[in-house]
Amino acid sequence: MYGKIKYMMYMSIFLILIFFVLLIITSSKQKDKELKEIIENQRLEQQVEQNNKNITQEAIQVKNDQKQENQYQEDIVQPEIINTETNSIEPNKDTSKNDSYEITVENYPKINTNSEEFGKLYKNDEENINIAAQILDKSKILLYSFSTDDCILKWQTLISKTDNKKIIPKHLEKENNNIYLTIKEEETNKDIFLDFESDAEGSNYTLVAKDTDRIYDFSGKEIKSIKPVQKIKINNNIFYIICYTNMNSAPSYSKNIMREFYLYKQQNSSLKMCIFLFKGLSKKDVLLNELITVNQENNYIKVRYNGLNSISKIIYNSQLIGQSAKYQNGPTFYLHRSINVEKSNYKININKFEGKQ
């Protein structure tokens, strides 16, 4: 009995010792934690104080630099301008001849090309050609060309806004076989870029897409899933290979996607479907023009798809132009939906004046 009591006393003492040891350890950890927090707070305070000092020093330095710069500017001695008869230089006078033209378009008032209300006139004496973008009324611009010497009219094209908004010519130039016309839509201050390409004889110009990465539907809304890839010209007829990409057809983590390719014919500013070409898998981030190779021969074109798989297709010119050409049914797209470009046959009388008017 005495031994059992003794054993219980030892166990009680042992447990009390363990309790005090744990209490001391816990208290020590808590003190260490509080000490670390105090040290970290002091470090942050010192860092903030140092940053403030740096900012103050930088501000003082900037102020001193500015003061020195101002002093330097004050110390600069401006050269004295002496007006004497020997030092005075007579400005060059413009003695060049400036030919102007008096234009009369039927049903419209006569106007001089130097008038601010006329529009734009591009002159190229080396080619003996003048190109005019004349404002007819609020939403119409007449684009035409005539020879510099004898004022003979070469061709004419009427440009009009389908929504009747006011447009004015902003920039006009000719480079090689192309005419570039920029039109400003005054209501929205938006620029519309038109690119005209000449035929083989240079006697007429056809509208081609300036922004070749944009296609619109009938309402004028851009269709971002459809892009022109390549333009093909067959006997003065313009065709486009267009690509349809459905980004929703593949999971977001997929590196590849299925694309469809079609051949469309351009008619003024619209695109009419001709032939379905092929459907193939390709990388999501590939450039579209790298996927298509076109070899054009005398009476056919060979279109090759260079995706993850290779597909080739031969199309004869007779399938695309002439009486035997047959087009498939498909949606019509537009290159410039708000702009209508069509051939015109106004009676235009042109008289040349030499010298400034």
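This is a predicted model: local features need pLDDT of at least 70, side-chain atom pairs count only at pLDDT 80 or more; totals for chains, interfaces and linings use all residues.

Q: In what order do β15, β16 and β17 sit in their sheet?
A: The order is β15-β16-β17, in an open, antiparallel sheet. Strands are DSSP runs of E, at least two residues, numbered from the N terminus. Two strands pair if DSSP finds at least two bridges between them.

Q: Which are the edge strands?
A: β15 (292–296) and β17 (310–316), as each pairs on one side only.

Q: How many bridges link β16 and β17?
A: 7 bridges. One pairs I301 with I315 in β17.

Q: Now I292. Is it buried or exposed?
A: I292 is buried, with a relative accessible area of 4%. Buried means under 20%, exposed over 50%, partly exposed in between (1.4 Å probe, protein chains only). I292 is found in β15.

Q: What does I292 touch?
A: Its contacts (heavy atoms within 4.5 Å) include F261, F278 and N306, not counting residues up to four places away in sequence. I292 and N306 are 14 residues apart in sequence, yet 6.1 Å apart in space, C-alpha to C-alpha.

Q: New topic: why is β4 largely enclosed?
A: Because 7 of the 9 residues of β4 (residues 129–137) are buried.

Q: What joins β4 to β5?
A: 8 bridges, with the strands antiparallel. The two form a hairpin with 2 residues between them.

Notes: Residues are numbered from 1 along each chain as its sequence is written. Side-chain values use heavy atoms; hydrogens and water are left out. Helices (H or I, at least four residues) and strands (E, at least two) are DSSP runs, numbered from the N terminus.
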